[in-house]
Each structure stands twice: as C-alpha cells, then as structure tokens.
Amino acid sequence: MKQFFKFLFASCLGVFLALALLFGIGTLVISSIASQADAPKEVKANSVLHLNFDDPIPEQTNNLEIDPFAFDRDKVLGLSKVVDAIENAKTDDNIKGIFLEVDALAGSGMATASVLYDALADFRDSGKFIVAYAKYYTSGAWYLSSTADALYLNPLGIIDFRGPSAQIPFFKDMLDKIGVDVQVFYAGK
C-alpha cells in the first residue's frame with residue numbers, strides 16, 4: 001500500500017510538472033507571435049501608401065460593430081491611425097506618394113472627410129504625389145480626392161456631385177405638445 005501512494009504522488013507530480021512546462025512553452029510561443037504581429041513592417045524604397053476607404057472610418061481603430069460571420073474583414077483603422085499613417089508617410093523617404101481608393105467614402109461624414117482632407121493637403125505640400133481612383137465619386141469622395149494631383153474614374157463610373165448639404169430638423173410642434181419651451185437664437189440677418 002505504501003508503494004501505491006508513492007507511485008501515485010510521483011505520477012501526480014510528473015503530470016503537474018509537465019503541465020507547467022507546456023504552459024510556460026505555450027506562453028513563450030504566443031508572446032513571440034504577438035510581438036511579431038505588432039512590429040512595424042519594413043517599407044521598401046519607392047513605395048506608395050495605398051489608402052482604401054471602402055469601409056466606414058470610425059473615430060478609433062476597430063470601433064465598429066463587426067459581423068461575427070464576416071471572416072474576410074481585417075482590422076479597420078480609425079481616423080486618428082489613418083491621419084498618423086499619412087503624417088508618417090510624409091516624413092518617410094521610402095514613401096513617394098499616396099494612392100487613394102475612395103469609391104464612396106462609405107459611412108463617413110464631412111467632419112471625417114475634412115480631417116482627412118487637411119492631412120492629405122499637408123502631405124501634398126511636402127512635395128509628394130497623390131493619385132485618386134474610384135468606380136464612382138460621391139460629394140465626400142470628390143472633396144477628399146480634390147487633394148490629389150491626378151484623379152481617375154472607371155470608364156463605366158459616375159460622378160454623383162450634388163454639392164454639400166445639411167439638414168437641421170426642428171421639432172417645434174412636437175416640443176410644444178410635450179411642454180418644452182424652445183429658445184431660438186439667430187446669428188446675423
């Protein structure tokens with residue numbers, strides 16, 4: 001009976017040591033893979049930064065509801081990361097220009113387009129080129145592409161330019177019914 005407990009405890013100790021060793025090795029492997037994934041990519045000489053604005057541009061990186069079954073979707077960069085990438089490209093001697101693919105500037109408003117416009121105009125002022133291409137241009141996409149040195153449109157593409165607009169809803173009747181007193185102030189005439 002004494003031998004039985006001796007072998008039982010030896011087996012348990014061996015299993016615990018093996019699990020601890022496997023856990024340690026697994027942690028090292030995963031941490032090395034994670035550190036390589038976050039490492040910046042090497043930029044080769046005469047490179048062009050390709051900016052594709054098919055997805056909505058959130059304020060922060062990966063700040064979107066993502067379909068759990070959309071396996072082809074990569075990381076969606078936020079506005080601040082895109083602006084950082086443009087600023088880094090401006091100072092990087094290996095990057096010669098930017099290629100914009102702005103099809104619809106999907107889901108982004110004029111505030112986002114204005115921030116991107118300022119970053120691209122600053123990039124263009126550094127003496128590097130910007131080329132824009134789209135299958136179709138909307139007002140926001142056309143505004144953003146106006147920073148480019150050359151604009152290209154698909155031969156079967158269209159330009160849907162109605163001009164910028166804004167709508168301000170005013171719910172006076174509804175607010176009167178629920179008892180809210182509205183104070184309207186005008187600036188100018």
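What percentage of the 189 residues of the protein counts as buried? I looked this up and got 22%, with buried meaning under 20% relative accessible area for a 1.4 Å probe, protein chains only.

Before going on, I noted that this is a predicted model, in which local features need pLDDT of at least 70, side-chain atom pairs count only at pLDDT 80 or more, and totals for chains, interfaces and linings use all residues. Residues are numbered from 1 along each chain as its sequence is written, and side-chain values use heavy atoms, with hydrogens and water left out.

Next I checked the surface. The protein exposes about 14100 Å², an area from the Shrake-Rupley method with a 1.4 Å probe. Carbon and sulfur atoms supply 61% of that area.

I then listed the elements. I found five helices and four strands, taken as DSSP runs (H or I, at least four residues, for helices; E, at least two, for strands). From the N terminus they run α-β-α-β-α-β-α-β-α.

I followed the strands into an open sheet with the order β1-β2-β3-β4 and parallel pairing; strands pair if DSSP finds at least two bridges between them. At the edges I noted β1 (47–52) and β4 (150–159), each pairing on one side only. The twist averages 15° from one strand to the next.

Inside the sheet I looked at β2 (residues 95–101) and β3 (residues 129–137), which are joined in the parallel sense by five bridges. Glu101 stands opposite Tyr133 in β3.

Last, I looked at helix α2 (residues 79–91), which lies across β1 and β2 and runs at about 165° to β1. Such angles run from 0 to 180 degrees between N-to-C directions, with axes fitted to C-alpha atoms, for helices over the stretch in contact (heavy atoms within 4.5 Å).

How values were computed. Buried means under 20% relative accessible area, exposed over 50%, partly exposed in between (1.4 Å probe, protein chains only).
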